[in-house]
Amino acid sequence: MPPVPAEPGPPPGTPDHGRPAAGGPADPAEGPSRESGRLSGPLFRDEQSEPAAPGVTETVVLRAISGDAPPAPGHGLPPHPGAPVPPAPPANHLAAGQPHFVPSSHPGQETPVAAQPAPQPQPRKQRGGRNLQAAIGVGVGLGAVIVASLFVVKALFLVVVMAAVAVGVWELTSRLAERKQIKAPLVPLVVGGVAMVATGYWAGIQWAAASLALTGLAVMVWRMAEPPEDYLRDITAGVFTAFYVPFLATFVAMMLAADDGPQRIVLFLIVTICSDTGAYAVGYKFGKTKLAPTISPGKTREGLAGGIALSMLAGALLMQLIIDGGSWWQGLILGGCAAVTATLGDLGESMIKRDLGIKDMGTLLPGHGGIMDRLDSLLPTAPVVWLLLAAFVGS
């Protein structure tokens with residue numbers, strides 16, 4: 001748009017009816033000067049600027065008005081001085097990119113205000129946040145290792161348990177050190193954990209309990225090499241780690257030691273997996289009532305019921321078919337108890353991870369997290385299944 005020459009001002013000395021003459025005193029009743037409320041230069045045609053110097057041309061840039069968006073009231077020229085200024089339209093009636101004007105206390109003057117951008121829709125988060133293909137691949141691989149070690153060489157599965165215990169202890173102590181600066185001694189925990197699993201398999205529960213006690217003493221002595229600050233905190237975390245990971249895993253080794261040990265391990269694994277699978281499937285489809293919203297918001301009471309039902313069904317079938325001397329009703333009891341302990345174990349580790357402020361205990365298993373993220377429901381279930389099998393069919 002070509003520049004528009006500014007209208008010449010009135011001759012010097014001629015008073016302006018809209019404001020005091022140039023250089024004259026301002027009227028106190030009118031409040032602040034209109035010049036102080038203006039951004040720069042005249043905004044409207046009835047507001048005359050100071051006379052320009054000879055030979056100097058002033059230009060005023062006018063905002064273009066599109067044909068499909070008529071100018072809003074208050075954006076054009078006021079009818080005459082002293083006329084009331086109509087209120088500005090709501091912000092949502094303004095075209096995108098146009099400035100918003102609000103009425104001023106001085107007649108014929110408006111103050112521009114930057115228009116607020118329209119709120120953008122929030123992107124939807126991916127459900128679960130895990131790689132499903134990687135999770136399935138890792139799960140199939142772990143299943144193949146377990147089956148091969150169980151039914152080819154039974155003692156080879158014991159090595160798998162020891163390796164899982166060592167990695168689980170390392171993951172837990174590492175996260176405690178990173179997030180809480182808790183220094184649980186790693187070396188005595190790993191050595192004592194392997195000893196617990198081995199003695200439980202070859203000598204029974206008494207020797208496993210003795211190994212746990214000796215591991216606790218070793219943790220106390222090992223920590224004495226460090227300064228005494230936080231000594232009690234560190235050894236408490238060490239004793240908890242020794243009980244939570246290797247001692248609970250020892251009951252898996254004791255199930256393996258039975259004559260039908262591989263079948264007992266299969267029963268133990270399947271009822272626990274069915275608990276997790278049934279809870280996820282039913283909770284995803286029908287879940288409405290939260291089970292523990294402050295611990296694990298994704299778990300529902302409907303999902304817990306589905307997990308218990310599927311675990312009881314799997315327990316009844318497997319107890320009748322693969323366990324010597326087992327009965328279907330014993331499988332119902334075993335499956336129901338296993339589902340409850342698996343859920344409690346999952347909630348227990350969720351509490352630990354929330355206290356530490358982490359999502360997973362590790363990154364060793366793509367799509368799953370760490371070893372401890374897979375052992376969370378298995379570890380508390382192992383002593384329950386071992387005890388029920390010993391009560392029903394003997395050890």
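A salt bridge is taken as a side-chain nitrogen of Lys or Arg within 4 Å of a carboxyl oxygen of Asp or Glu. The model is predicted: local features need pLDDT of at least 70, side-chain atom pairs count only at pLDDT 80 or more, and totals for chains, interfaces and linings use all residues. Residues are numbered from 1 along each chain as its sequence is written, and side-chain values use heavy atoms, with hydrogens and water left out.

The whole structure holds eight salt bridges. Asp 234 pairs with Arg 233, with the closest N and O atoms 3.4 Å apart. Asp 234 is buried at 1%. Arg 233 is partly exposed at 32%. Helices (H or I, at least four residues) and strands (E, at least two) are DSSP runs, numbered from the N terminus. Asp 346 and Lys 299 form a salt bridge at 2.8 Å, N to O. Asp 346 lies in helix H9 and Lys 299 in strand E6 (residues 296-300), so this pair ties together parts 47 residues apart in sequence. Asp 346 is buried, with a relative accessible area of 17%. Shared partners link Arg 223, Asp 230, Arg 233 and Asp 234 into one salt-bridge network. Within helix H3, Glu 178 and Arg 175 are three residues apart, or about one helical turn. Their side chains meet in a salt bridge of 3.0 Å, N to O. Arg 175 is buried at 12% relative accessibility.

A nonpolar core is a set of buried Ala, Val, Leu, Ile, Met, Phe, Trp, Tyr and Cys residues joined through side-chain atoms within 4.5 Å. The largest such core has 57 residues. Those with the most contacts inside it are Val 252, Met 255, Ile 265, Leu 267 and Phe 268. Elements giving two or more residues to this core include helix H3 (155-180), helix H7 (261-286) and helix H9 (328-356). The largest share, 14 residues, comes from H6. Contacts are heavy atoms within 4.5 Å. Leaving out residues up to four places away in sequence, Phe 268 touches Val 252, Met 255, Leu 378, Thr 381, Ala 382 and Val 385.

Ser 211 sits in helix H5. Ser 211 is buried, with a relative accessible area of 12%. Beyond residues up to four places away in sequence, Ser 211 touches Ala 195, Met 196 and Thr 199. Met 224 lies in the loop between helix H5 (205-223) and H6. Met 224 is exposed, at 57% relative accessible area.

Definitions and conventions. Buried means under 20% relative accessible area, exposed over 50%, partly exposed in between (1.4 Å probe, protein chains only).
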